[in-house]
Amino acid sequence: MIDIVESEGFCAHNFKFVAMKLIASLMMPAALAVVAVTAFAADAPAKPDLAKGEATYSGVCAACHGAGGNSEVPNYPVLAQQFPGYLVKQLQEFKSGKREDAVMQGMAATLDDEGVRDVSAWLGTQKAKNGVAQSKDLAAVGESIYRGGAQDRGIAACAGCHSPNGAGVPVQFPRLAGQHQEYTVKQLSDFRGGKRTNSTVMHDEVKYLTDHEIQGLADYIAGLR
Ligand code: HEC
Ligand code: HEC
């Protein structure tokens, strides 16, 4: 009796072992195929078509974001010289609704993936004009937090991620230098109030900032170059 159970156990175990080996050997090529497909997909997006990007930009976007991505209107962000990777993320998130803005969700919806890639790549090649801070006192409030953070509230220095001169660090940390004060105030307030929800890092960073500090940071950033 015991013998039979044992041998059955052995058989079952053996069968499992064989089955697992079989599955493993079947999965190997599949896994390799996945790797191959992924590698191919990574190469697949052909080089961005800058001419197409420029055409889209001039035809649709320039009306608000200005010639060459240098918007002259304070609530329309400057896009020139921004990292294409950051722009792609924003446009895709406007498309999916992860970043909400009635106007931009409509604009982004007109672009397919290639369109997003091309216009973002072209904007990255444009040179941003310098901006200016409006108020010495406000900019001083901003400078202190930008460079040193606010230890009392666990707020890290903005410079640590966006670089001391606001040039940003590709691809994750966007360029801020020279951005319109009004646009930056809106973004920081939206991150703080949970209206812009596409970055927990930025939400946590600004959740304890006061309105006055947000104004100061935005003014300081406008003058960075
Ligand atoms: C009618 C005006 C208008 C037009 C046209 C427009 N935009 Fe915008 N865009 C805005 C506004 C307003 C915002 C700021 C949204 C917010 O407050 O979050 C914005 C934000 C953006 C952002 C986010 C920038 C950042 O730094 O996070 C990108 C990227 C962008 N627009 C790209 C485009 C592209 C590409 C086009 C053309 C296909 C375009 N926009 C057309 C008004 C416009
Ligand atoms: C730990 C890194 C980190 C720190 C510190 C940080 N940021 Fe950011 N910031 C980011 C990332 C990442 C994004 C991009 C969010 C996204 O993908 O939408 C961002 C986005 C922003 C934007 C939106 C830019 C645009 O064009 O819409 C502003 C404005 C900004 N940060 C300002 C600040 C300020 C001011 C501080 C300091 C109080 C700060 N950041 C500190 C990582 C950081």
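What share of the 225 residues in the protein chain is buried? Buried residues make up 31% of them. Here, buried takes 20 or more other C-beta atoms within 10 Å of a residue's own, exposed means 12 or fewer, and partly exposed lies in between, with C-beta atoms placed from the backbone.

Before you click, some ground rules. This is a predicted model, in which local features need pLDDT of at least 70 and side-chain atom pairs count only at pLDDT 80 or more, while totals for chains, interfaces and linings use all residues. Residues are numbered from 1 along each chain as its sequence is written, and chains are lettered from A and ligands numbered from 1 in the order in which they are written.

**Stop 1: the whole chain**

Show the protein chain as a cartoon. It has 10 helices and 0 strands. Both are DSSP runs numbered from the N terminus: helices are H or I, at least four residues, and strands are E, at least two. Among contacts between residues at least 6 apart in sequence, 69% join residues at least 24 apart. A contact means C-beta atoms, placed from the backbone, within 7 Å.

**Stop 2: H2 against H5**

Select residues 50-65, helix H2, and residues 113-124, helix H5. Their axes come within 7 Å and cross at roughly 90°, so H2 is roughly perpendicular to H5. Axes are lines fitted to C-alpha atoms, for helices over the stretch in contact, with angles from 0 to 180 degrees between N-to-C directions. Angles under 35 degrees count as roughly parallel, over 145 as roughly antiparallel, 65 to 115 as roughly perpendicular and the rest as oblique.

The contact divides into 7 nonpolar, 3 polar and 3 charged residues. Ala, Val, Leu, Ile, Met, Phe, Trp, Tyr, Cys and Pro count as nonpolar, Asp, Glu, Lys and Arg as charged, and the others, Gly among them, as polar.

**Stop 3: ligand 1**

Center on ligand 1. It is surrounded by 20 residues, and the closest are Val60, Cys61, Cys64, Asp101 and Met107. A residue belongs here if its C-beta atom, placed from the backbone, lies within 6 Å of the molecule. H2, helix H3 (84-96) and helix H4 (102-109) each give two or more residues to this shell. H2 has the largest share, with 6 residues.

**Stop 4**

**Stop 5: the largest core**

Keep Leu217 selected. It is among the residues with the most contacts inside the largest nonpolar core, which has 19 residues. Such a core is a set of buried Ala, Val, Leu, Ile, Met, Phe, Trp, Tyr and Cys residues joined through C-beta atoms within 7 Å. Helix H6 (136-148), H8 and helix H10 (211-223) each give two or more residues to it. H10 supplies the largest share, 6 residues. Leaving aside neighbours within four places in sequence, Leu217 is in contact with Gly142, Ile145, Tyr146 and Leu188.

**Stop 6: Leu138**

Finish in helix H6, where Leu138 is found. Leu138 is buried because 20 other C-beta atoms lie within 10 Å.

Technical notes. Two residues are in contact if their C-beta atoms, placed from the backbone, lie within 7 Å.
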